[in-house]
Amino acid sequence: MEKRLPFLLIVLLLAVPLYAGDGYWQQFVHYKMEVKLDPSTHTLTGTSSVFYRNNSPNTLDKIYMYLYPNGFRNNETILAKEAAKFFVKSLPRDEAAGWIDINQFRWLSENAGATPVSAFKVDDSILEAALPKPLKPGEEIRFELAFTMKVREFQSRAGYRSTQYDFAQWYPKMCVYDEEGWYNVPLHYLGEFYGEFGTFDMTIDVPFEYIVGATGVVTDGDPGWSSVEVDTSLNDSDWQKKYSEMKKALAEQAKSTPRRRVSFHAEDVHDFAWITSPDFLYEKGSYDGIPIHVLYRDHAKQKWSKVTTERGRRALEWLSTKFGRYPYPQLSITHGLLGGGMEYPMLVMNASESEGLILHEVGHIYFFGIFGNNEQKEAWLDEGFTSFQTRWYMETRYGKMGYDVATATKKANWLQRHRPEMTSNESNRGFAQFYMNSGFNEPITRYAYKYADGLGYGVNAYTKGSIFFEMLRYVIGEETFEKICKEYFNRWALKHVNEDRFRQVCEDVSGTDLGWFFKQWLHDTTTVDYSLGKISKQMSANGHWQIIVEVNRNDRGVMPVDVELTLSNGEKQVSRWDGMAEKGEVVFTTRHEPRRIVLDPRDQIMDKNRIGHGTMRVEFIPDYPRMDYEPPDAYVVKLRPSGWYNDVDGARFGLRARGTYRDTRNLRLGAWFGPRSSELDGYFQFNNRLGFLGARTTYTLSASKVEGRFMGEALLSLNWSRSLTSQVQSNMQIGVNYAKLDESDYGFRKFDIDDETISLKEWSDGTVSSAFINYSVTPRGMSWRSAINWSARYAGEFLGGDSTFTKVDGSVRLWWPSPKLGLYLRGYAGSFIGDEKQITLQDAFSAFGATSREHFQSSYLRSVGSFPAAAHYHLPGGGNLRGYFDQPAPLRKIFAANVELRRNQQLPLLGKLLRPVLGNSTISAFFDAGRATDLTETTNNLADAGVGITFQKQVPDRWYSFFLGTNYTIRLDFPIWVSDPIVKSDSKLEDEVKFRYVLSFQNSF
Ligand SMILES: [Zn+2]
């Protein structure tokens, strides 16, 4: 359903000044509801009597209501279909569904009583009812509904789990009618809500043991808080004793009073949420006479007790001081079922007692609650503003790191203490920079459900949204910004806000036109890039210095830029250029000699490239695992030792370095020494975006001298995926490669054939110069996934190449994953075209697995002797016929099919002992078949079958993950049957059925 925007209204809008009280209007609604919960059937039945006053200048002929629970009725709803586009199944199973049925709907009139049951329409999560007669401006109407709600299993933001019920977006709720017409948009997968301000009188009826928290104040009945109130003066064991007595008393009382009936009253709110569970504990705090009610599940007492009321108090104090006094008579912080936190007027549902989370969600009672914006249309006004104020609070309280460093350090282990950290502001901006320069940037102002993916919605609403407010504060100054916060509250508290209304406040208070700023940062996807230009300094006759600093604007985006000058006596001066022109100048006159000039010293303007700001440094750090460290002013080089073994060099020792600045100018370097051969090898790779083709195109240049081989490669990578997190990724690579075997000692591999270890040549002498193209795409459905790869390589007599051949190959993988029984299929075909004498050993196909060129990518498979031949190491690829590890004949043509069934299965006895080390296990049964043509044009049909086991482990975040990595896979396959076993040394055939094994650190395909 689309929103109507009558032409007259547009004219009206243009004429209306954007002041509340001066042409502004909002509708009024008063709900009186009685609801009764039956946990045995997860059903809520209720009646709602609604009073609605049309304060608009328009006559209405219909009304609309949101029936949000219907978004979870089945997997055919608008929400479910949108979720399916992201391959998310909205309802994991049919029993999880929930909905709301309207059993009766009637208009009430004061003189005639109730009219008969009226007609209404329900479409997905929107109810539409034609009014019995047009509702003129200033007129009122009453109507009554009876409804039954099947509560869903907890999903999205509401539902039940075990004995707890979170009621959010649950009742028939008036759609907003504002200056743009009805906002009758159904429930979408991405985005939040919009509500009409009004009054709620709610009577809730639950089983007696259930404790209730809700929007509003208790006007009748007992929510049960006092019967589970924590005595914070008691120690743990005394409290446990007291608590079990309290529970006993509660159960006793429930025998005579089976139900709890409690009424809540709330005014000036646009939503009503409630939560109930028999396992809640209660604690009470307050801020300046306003009670703070905390309800959490009893097992969470250690974490929630005392700190939650205190953090709630601090949040109210902060928000009341910075914006305006909290206008409601209570705050409830409750222990919700959802993963993060969710806001409702006067009540938040949080997964944890985290201070940042409390600030965020309680902040939302302002930014969505008190300032009632349309969260679907302008999510930045609620998520951006509250994320901003949370960071502002955390930085004010804990300093520039933006979090409680002392407490975090106390809890951290060795690795976590050593890993360098960025400030929360740097992380936030780093993430925004990554997204904004990824080639997938979308503007902040977009309907939530129109973003390409959840990441686009999240990063725009929260990350870029919060930085918008920080930059606004920078542009107009801190003092003016604080005045804006207060004036915004004065004008717009308890009203509907939008971008224009907020901007008007900013412009009125600051006296500045901010049109360019709002347009650039909210509506465009512009990026900003300034750099220092020429700097000249001169000492005049009176001994004063004159310093002229040139600043260049290198991108379309504009921002005022600070230039900071540090003098020889340590003194600092800052001067600002408006940044509008392509080139600008800042002039300083000083008594002391200038020492250092820095552009945008506090990283305020979202400059995408701070190289050329006078701040850049190179930082060398150990390459710790799970490190997300990309500070704005450092080219970070991560170092780690590396080593392996081969028969020619013996043990190899060396160092790897990875350098990056904001995922650009990626540099990889390596150097290794072989004591036995006295060879020093090295490796270099540089990767960067190819600017003029857009951010999704990168180029990579690499050169290496590693283990007897010289290699050089130039590569162009293109990404055509629909969004950054799209599950259907599509990539192409085009490149030129030069490879020369210089010392043939290295070009061998060891094979375990007939229980003997034999070295066979696996790399041809001479030079192969080739051009190649690879294409991969990963289509998928809800239950199946796939990966299609295709590549072609042409080797010719260019760049000194000795061989001429054309090679084409491709694979299709298709699988239906399932922990119980997953089916995995793979088809592969490859062939050389042209003279077979020219085929090089490193490029020839293998029936067993990957080519030698592919083996070369891995240090532990690279050269002769690097991995024990007896391990029968299987690097997946080629024909992937696992039983043929002992038949390494190079092939010119191969067709193969692989079938595998996998089941997650913990091994009974051994598994228990091995699990802490090896992780989870998957057992499999496989069958491989292929048709292989070797370089002598002999063709064989081959097949094998067997069983396997794969262990996979996530390595915890401890010191040893520095050596083990963050996860590992160990696969053992037993191809006990092969169709064509080898001929043994005594010319007999080996048995078809025999104990065989292969080892790998990867899945088979
Ligand atoms: Zn939020």
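## Overall make-up

Of the contacts in the chain with a separation of 6 or more, 66% are between residues 24 or more positions apart; contact means heavy atoms within 4.5 Å. The structure is a predicted model, in which local features need pLDDT of at least 70 and side-chain atom pairs count only at pLDDT 80 or more, while totals for chains, interfaces and linings use all residues. Residues are numbered from 1 along each chain as its sequence is written, and side-chain values use heavy atoms, with hydrogens and water left out.

The chain holds 17 helices and 48 strands. Helices (H or I, at least four residues) and strands (E, at least two) are DSSP runs, numbered from the N terminus. Along the principal axes, the C-alpha atoms fill a box of roughly 105 × 90 × 65 Å. Of the 1005 residues in the chain, 54% are buried. Buried means under 20% relative accessible area, exposed means over 50%, and partly exposed is in between (1.4 Å probe, protein chains only).

## The zinc site

The zinc ion has as protein donors His-360 (NE2), His-364 (NE2), Glu-383 (OE) and Glu-383 (OE), at 2.0 to 2.7 Å. Donors are N, O and S atoms within 2.8 Å of the metal (3.2 Å for Na, K and Ca); water is not among the atoms, so sites may look incomplete. The donor residues follow the sequence spacing H-x3-H-x18-E. His-360 belongs to helix α6 (residues 355-364) and Glu-383 to helix α7 (residues 379-398), so this pair ties together parts that are 23 residues apart in sequence. Both His-360 and Glu-383 are buried.

The arrangement is irregular because the angles subtended by the four donor atoms around the zinc ion run from 53 to 154°. Four donors count as tetrahedral if all angles lie between 85 and 135 degrees; four count as square planar and six as octahedral if opposite donors are over 155 degrees apart and all others between 65 and 115; anything else is irregular.

Strands of a sheet pair through backbone hydrogen bonds, either parallel or antiparallel. Five strands form an open sheet with mixed pairing, in the order β19-β20-β21-β23-β22. The edges are β19 (280-287) and β22 (341-344), each with a single partner strand, so one side of each has no neighbour in the sheet. On average, neighbouring strands of this sheet are turned by 15° against each other, direction ignored. Here axes are lines fitted to C-alpha atoms, for helices over the stretch in contact, and angles run from 0 to 180 degrees between N-to-C directions. Two strands pair if DSSP finds at least two bridges between them. β22 and strand β23 (residues 347-350) run antiparallel and are joined by four bridges; Gly-341 has Asn-350 in β23 as its bridge partner.

Neighbours within four places in sequence aside, Lys-284 is in contact with Glu-229, Pro-291, Ile-292, His-293 and Thr-309. Thr-309 is 25 residues from Lys-284 along the chain, and their C-alpha atoms are 6.6 Å apart.

## Nonpolar cores

A nonpolar core is a set of buried Ala, Val, Leu, Ile, Met, Phe, Trp, Tyr and Cys residues joined through side-chain atoms within 4.5 Å. The largest one has 174 residues, and Trp-170, Trp-274 and Phe-502 touch the most other members. Helix α11 (residues 454-476) gives the largest share of this core, nine residues. Another core, of 17 residues, lies apart from it and includes Phe-832, Ala-847, Leu-942 and Val-978.

Residues up to four places away in sequence are not counted for Trp-274, which touches, among others, Val-35, Leu-44, Trp-170, Ile-204 and Met-349.

## Antiparallel strands further along

Strand β37 (residues 730-741) pairs with strand β40 (residues 766-777) in the antiparallel sense over twelve bridges, with Asn-731 opposite Ser-776 in β40. β40 also runs antiparallel to strand β41 (residues 785-796), joined by nine bridges, and here Ser-770 stands opposite Ala-795.

## Two residues with positive phi

Leu-799, in the loop between β41 and β42 (805-816), is not a glycine but has a positive phi of about 50°. Asn-880 is not a glycine either, and its phi is positive at about 55°; Asn-880 lies in the loop between α15 (852-855) and β44 (891-904). Leu-799 is exposed, with a relative accessible area of 52%, whereas Asn-880 is buried, with 0%.
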